[in-house]
Amino acid sequence: MLDFLRENDVLSTIFAFLLVLIPAVFIHEMGHFITAKLVGITILEFGIGMPPRALRLFRLKGTDYTLNWLPLGGFVRPLGEDIVRQQGDEATQQDRDEARTRGIVNPKSVGDAKPAGRILFMAGGAIANFITALLLFVVIALSGLPAVVAAPFGGASGALSNAGVQSGDTIVAVDGQIVNSATDFLALLHQDDSEPVTLTVRRGGDTIDVMYTSAGVIDLETVSARPLIVGVANDSPASEAGLQDNDVIIAFNGETLNGYEALQALTRENLGQAVTLTVWRAGETLDVTITPRETPPEGQGALGIQISDAGYDPNAGLVFLPDYVSRPLMQAIPYSFQRMGEVVAQIASIPSQLINGTANGEELRVASPLGISQVGAVLVQESIERNRPTIILEYMALISFALGLTNLLPIPALDGGRILFVLIELLRGRPISPEREGMVHLVGMVVLLSLMFVVLINDAINPLSNLLR
């Protein structure tokens, strides 16, 4: 199944729709349902999927729980409202009578609730989406965030070996600090030569602490880039030579490499000729013989490898690798709020980008459910290929947050538009008639659906996923 998803864009798009959008919409409606119960608003129906109804699952405390034909999350039908708008007095009375026949003694419509209760009910969906995003970001941090880890080689420095660091170990933190660059790592490692630091070391499946005292000041400028293998194509020269993910290429025919550009240049100069790559692998250095092919398959290079950069410092005896390191809960929670703040700041910067002319129109274009699913399909495939579920979890968190934020916009037919009418009521001292408010929301719904149809056609013609490929 996973292999099929990796290779099938259509199936991946459908899977992303089911995995990303439907839960986000369902959670949104569940938020409305819970807040309605909190403020005493009667809910006549909680639907899984959207009408038409397939069947009623059961009735509990006067609320019908139904299964509907359109797999688009769910909906709630509070007393006094339909899916689109607030109902008039006659329709509301009919709902009230129906509620009483179900055994609800004192049915309460949306209009019966106090303004604060109505605002909470209307914002409940967005609140549920925000909480979901926060929880997902916490899970992501607990699972592992990008970081730089250090691995010793060649026996490492004498001080590291004497401290108990072994070949094949990975140092993930210094004094509990996880960093994102090699120079920051070295700065922490040698911050005070007279005081020991605690190294958090990953050894096999265990994590241990090692006390380390620096042997002297290390020049932070000695770190240089080396090509890091992050993917090996099947039936390629690299796979036949036994190259593996996370191998670091130190030299090419004895010539020291500095970054993947140098590897690409030397590879082009030696097409069809056997060459020797000096490779660092899990604390050991080995030589590998390989012949770059002159006519590689489409999408592959002469060696058949995907390359990133690793840091390499022969003076410190360390290789610095990009990795994912789990954060403890007390760091994961602040990270979650920080990530939400970053998203808000990014959205808030859009108006200034538009004014200054620095905005990228393609990146800022409105996405339909199809476009969201197209991007999700790419991220699902990437999650499978890299065995990193957090990639799609990050997208799920962002979509949940975006759904909540969008629904709070003061646009008719959206939750924010309905909240706006409650605020106007507070200013006027009396509500706007349900018929007038309902007409505004109905017009807003027509406009939104028309816009969504145009966006949907655009996403079908120009898939949003093209921006990621």
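Predicted model: local features only at pLDDT ≥ 70, side-chain atom pairs only at ≥ 80, totals over all residues.

Trainee: OK, how many bridges join β5 to β6?

Mentor: Seven, between β5 (residues 197-203) and β6 (residues 206-212), and the two strands run antiparallel. V197 stands opposite Y212 in β6.

Trainee: And which residue takes a positive phi in that hairpin?

Mentor: G204, with phi near 65°. The hairpin has two residues between the strands.

Trainee: Switching to helices. At what angle do α4 and α12 pack?

Mentor: About 160°, with the axes 8 Å apart; α4 covers residues 115-143 and α12 residues 390-407. Angles over 145 degrees count as roughly antiparallel, so α4 is roughly antiparallel to α12.

Trainee: Left-handed or right-handed crossing?

Mentor: Left-handed for α4 and α12. Residues making the contact include F130, L136 and I140 of α4, and L393, F401 and E394 of α12.

Trainee: What sort of residues are they overall?

Mentor: The contact of α4 with α12 has 14 nonpolar, six polar and one charged.

Trainee: Now α13 and α14. How far apart are the axes?

Mentor: They are 11 Å apart, at an angle of about 155°, for α13 (residues 415-428) and α14 (residues 434-461). That makes α13 roughly antiparallel to α14, and α13 passes α14 in a right-handed crossing.

Trainee: Which residues meet there?

Mentor: G417, R418 and F421 in α13 meet E437, V440 and H441 in α14. The residues of that contact are two nonpolar, two polar and two charged.

Methods. Residues numbered from 1 in each chain as written. Heavy atoms only, no water. Axes fitted to C-alpha atoms, helices over the stretch in contact; angles between N-to-C directions. Helix = DSSP H or I, 4+ residues; strand = E, 2+ residues; numbered from the N terminus. Parallel < 35°, antiparallel > 145°, perpendicular 65-115°, else oblique. Left-handed = near helix turned anticlockwise from the far one by under 90°. Contact = heavy atoms within 4.5 Å. Nonpolar A, V, L, I, M, F, W, Y, C, P; charged D, E, K, R; others polar. Pairing = 2+ DSSP bridges.
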